[in-house]
Amino acid sequence: MDLRKVAKYANLAGFIAYFLFLLFSFWKGFEPGKKIAFNLGYFSIEMLKILPFAFILIGFFEVWIKKETIEKHFGKKSGLRGHIGGILLAGTTVGGLYVAFPVAYSLYGKGADLGVIFTYIAASAICRIPMTIFEASFLGIKFSIIRLFVSIPLVIISSMLLGKYLTKRGYAIKDGE
């Protein structure tokens, strides 16, 4: 049997088992299972509030922003400026990694350097402006500033190294994989 078919059936079996577990939880009153079901519903609704608009904006990005512009500001020759631009772009990205990965794929398709894309993805996880404001309100501004000053250089250095390593090995993102 083909490995892809096996994976397809394994995924289907996993989804069926998951939903049977949720149904069983409601039938038998199993509280952790019921909480899992409510969390699934809550996060699904939250994603549906963000993702359609994000994908519309990504579509506009695909059409309106020229490949030459991305190559100039985020391409192989952009250097440190490209990484800083990736951090600034990530800071304004709403929706977290749900939105960051499609944007990163779009940047890659338009010629952005692999290292800059890694910087963008990592910065999307740690440098978003709303998240930093929320963090500062609980942990203090001093903590947030120290965290950013420590994490941003580490993100840039590790992204540059990983980007160079994968580029030398001929890594490429393939459509649909």
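What percentage of the contacts in the protein chain between residues at least 6 apart in sequence join residues at least 24 apart? In this predicted model, the share is 64%. The protein chain contains 8 helices and 0 strands, and the order of elements from the N terminus is α-α-α-α-α-α-α-α.

The radius of gyration of the protein chain is 20 Å, whereas a compact globule of 177 residues would have a value near 16 Å. The C-alpha trace spans about 60 × 50 × 30 Å along its principal axes. Buried residues make up 30% of the 177 residues of the protein chain.

Aromatic pairs number 7. One of them joins Phe 21 and Phe 30 in an edge-to-face arrangement, with 6.1 Å from centre to centre and 75° between the planes. Phe 21 is partly exposed at a relative accessible area of 31%, and Phe 30 is likewise partly exposed, at 39%. A stacked pair is formed by Phe 60 and Trp 64, with 4.5 Å from centre to centre and 5° between the planes. Phe 60 and Trp 64 are separated by about one helical turn because they lie 4 residues apart in helix α2 (residues 31–64). Within this pair, Phe 60 is partly exposed, with a relative accessible area of 36%, while Trp 64 counts as exposed at 62%.

Notes:
Residues numbered from 1 in each chain as written. Predicted model: local features only at pLDDT ≥ 70, side-chain atom pairs only at ≥ 80, totals over all residues. Heavy atoms only, no water. Helix = DSSP H or I, 4+ residues; strand = E, 2+ residues; numbered from the N terminus. Rg over C-alpha atoms; globule rule 2.2 N^0.38 Å. Buried < 20%, exposed > 50% of the residue type's maximum accessible area, 1.4 Å probe, protein only. Contact = heavy atoms within 4.5 Å. Phe/Tyr/Trp six-rings, centres within 6.5 Å; stacked < 30°, edge-to-face > 60°.
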